[in-house]
Protein chains: 2
Amino acid sequence: MASPKLLLVEDDISLAELLEYRFTKEGYRVRSTPDGDEALEMAEEDAPDLVILDWMIEGTSGIEVCRRLRRAKGTEHVPIIMLTAREAEDDRIRGLDTGADDYITKPFSPRELLARVSAVLRRVRPALAGETIQVGDMKLDPVAHRVEREGKELKLGPTEYRLLAFFMEHPRRVFSRAQLLDAVWGTGSEIEERTVDVHIRRLRKAIEAGGAPDPIRTVRSAGYALEPV
Amino acid sequence: MASPKLLLVEDDISLAELLEYRFTKEGYRVRSTPDGDEALEMAEEDAPDLVILDWMIEGTSGIEVCRRLRRAKGTEHVPIIMLTAREAEDDRIRGLDTGADDYITKPFSPRELLARVSAVLRRVRPALAGETIQVGDMKLDPVAHRVEREGKELKLGPTEYRLLAFFMEHPRRVFSRAQLLDAVWGTGSEIEERTVDVHIRRLRKAIEAGGAPDPIRTVRSAGYALEPV
DNA sequence: TTCGCCTGTCACATGCCTGTAACACACACA
DNA sequence: TGTGTGTGTTACAGGCATGTGACAGGCGAA
């Protein structure tokens, strides 16, 4: 979790290799392909946390890949950063319209792109960017994969951790069971909604272990929310 | 509640797809059809929060669809945004005359349309746009699913919440029991109108809990309205 | 392999919410 | 003041949403 999965779509091989090396060194897991269709397949089989997409690639164009990612189940909300060849204003606007979250015009330095990636991830998935999140008396360290409450580490199972991390990324906000299934179990999972209740129950039990109050609010006929305590 | 339901009526398939994923990405729930009659059916079975309607579609024309939506029960007040092909002044005027809330002339960028949709929704259904609503001394936060009065949280049941949210979206306006049933219970619900009275009573009780005055006005033989206090 | 942890589902308990009916009360009109 | 219509209020039975404990299967570690 603490090493975001990137998908790099770039047909300039030497640039791709450079970026791959650089990002890997920074702790990202990178998968790379020069081909649009292959990128879509890769994204489908294992949804990345962020896509870096060259506007001008052979075969299926960047903008088309962008569109299909947005339409495909499981990748609708994956942030996309576009690489555009020129400063053509058209391209910029069309790129963002198509659903890209940010763009960067060539030539750029790897460091610049690193900054963009980090910025976008921080905005969309703070925990993924390696930032610790604090909500009330709970502190989540995504790098160490730990959650503390009142200085004591919480003992959480994998699902409980993902569920709590998601809540902590969006405190106070009410999520329906369906939304939680999408976010925590992955889009398209065919799990009973009641299962969410059970995991909420387990999460509550784990969080309250030290006798602290229950920060999870049940909103009848709507869902659950995490309240800072 | 925080994801408005759109109905898109557009027979240019590629444009429809573009808009569909763009809006989906922004968190809207989109249903789409190229056919006017089908659009009417879809609107009837599950009333959308906003309709995006192409002026020139095959079969039943856009203007006719617009008229029928306005006449049909359950969709009288659903905002409509018209897509017009040319800048022909005629079209614009007739479109607005017919009951459209806004129009946009092709070609337009998805971003432009997004802005219009967001603007219209904010005007007509603020809570759906995720905005907190303030009416008098009451504040409603649709994301957190909470209502405060004088800083204290109100304890509301699900129906009371929906009822109050609806009132707060249209302060001062008088609604008949039938209108409230449509808006809060959903189109086609077969509930006794007197039931509304009971829920009004419950809502009043919950709102007045702190001893504050009753903001709900009874309009004899007409309905109820929420007055800012 | 065995063991232990994690997971998804079920069944049951519980408490809240809901729609309706019935009665009391207020208002308009004669 | 009487009458009828419309609204306020209460009580209640049933339904529905959620809480909770148990269980069997899966999976990985040892």
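Predicted model: local features only at pLDDT ≥ 70, side-chain atom pairs only at ≥ 80, totals over all residues.
**Entry: chain A as a whole**

I began with the overall make-up of chain A. I found 8 helices and 11 strands in it. I then looked up burial, and 48% of the 229 residues of chain A count as buried. For the surface, I noted an accessible area of about 11,200 Å², with 47% of it belonging to carbon and sulfur atoms. I also checked how far apart in sequence the contacting residues are. Among contacts in chain A with a separation of 6 or more, 56% join residues 24 or more positions apart.

**Entry: D54(A)**

Next I turned to a position with an annotation. An unreviewed UniProt entry gives D54(A) the feature "modified residue: 4-aspartylphosphate". I located D54(A) in strand β3 of chain A, which covers residues 50-54. Is D54(A) buried or exposed? D54(A) counts as buried because its relative accessibility is 2%, and the cut-off for buried is under 20%. I then listed its contacts, skipping neighbours within four places in sequence. D54(A) is in contact with V9(A), E10(A) and D11(A), and also with G62(A), L83(A) and K106(A).

**Entry: R177(A)**

My next stop was helix α7 of chain A, residues 177-185, where R177(A) is found. Which side chains make polar contacts with the side chain of R177(A)? I found the side chain of D197(A) at 2.7 Å and that of Y224(A) at 3.3 Å. Not counting residues up to four places away in sequence, R177(A) touches both of these partners, along with E193(A), V196(A) and G223(A).

**Entry: DNA strand C**

Last, I looked at what surrounds the DNA. I noted 22 residues around DNA strand C, the closest being T159(A) and R202(A) from chain A, and T159(B), H199(B) and R202(B) from chain B.

The most comes from α8(B), with 5 residues. Sorting the residues of this surface by type, I got 8 nonpolar, 6 polar and 8 charged.

I finished with some individual distances. A polar side-chain atom of R202(A) is 2.5 Å from a base oxygen of DNA strand C. At the backbone of E192(B), a polar atom lies 3.0 Å from a phosphate oxygen of DNA strand C.

Conventions
Residues numbered from 1 in each chain as written. Chains lettered and ligands numbered in written order. Heavy atoms only, no water. UniProt positions renumbered as here; feature names shortened; annotations may be inferred. Helix = DSSP H or I, 4+ residues; strand = E, 2+ residues; numbered from the N terminus. Buried < 20%, exposed > 50% of the residue type's maximum accessible area, 1.4 Å probe, protein only. Contact = heavy atoms within 4.5 Å. Areas by Shrake-Rupley, 256 points an atom, 1.4 Å probe, with all protein chains shown as cover. Polar contact = N/O pair within 3.5 Å; in protein donor to acceptor, adjacent residues only side chain to side chain. Near = heavy atom within 4 Å. Nonpolar A, V, L, I, M, F, W, Y, C, P; charged D, E, K, R; others polar.
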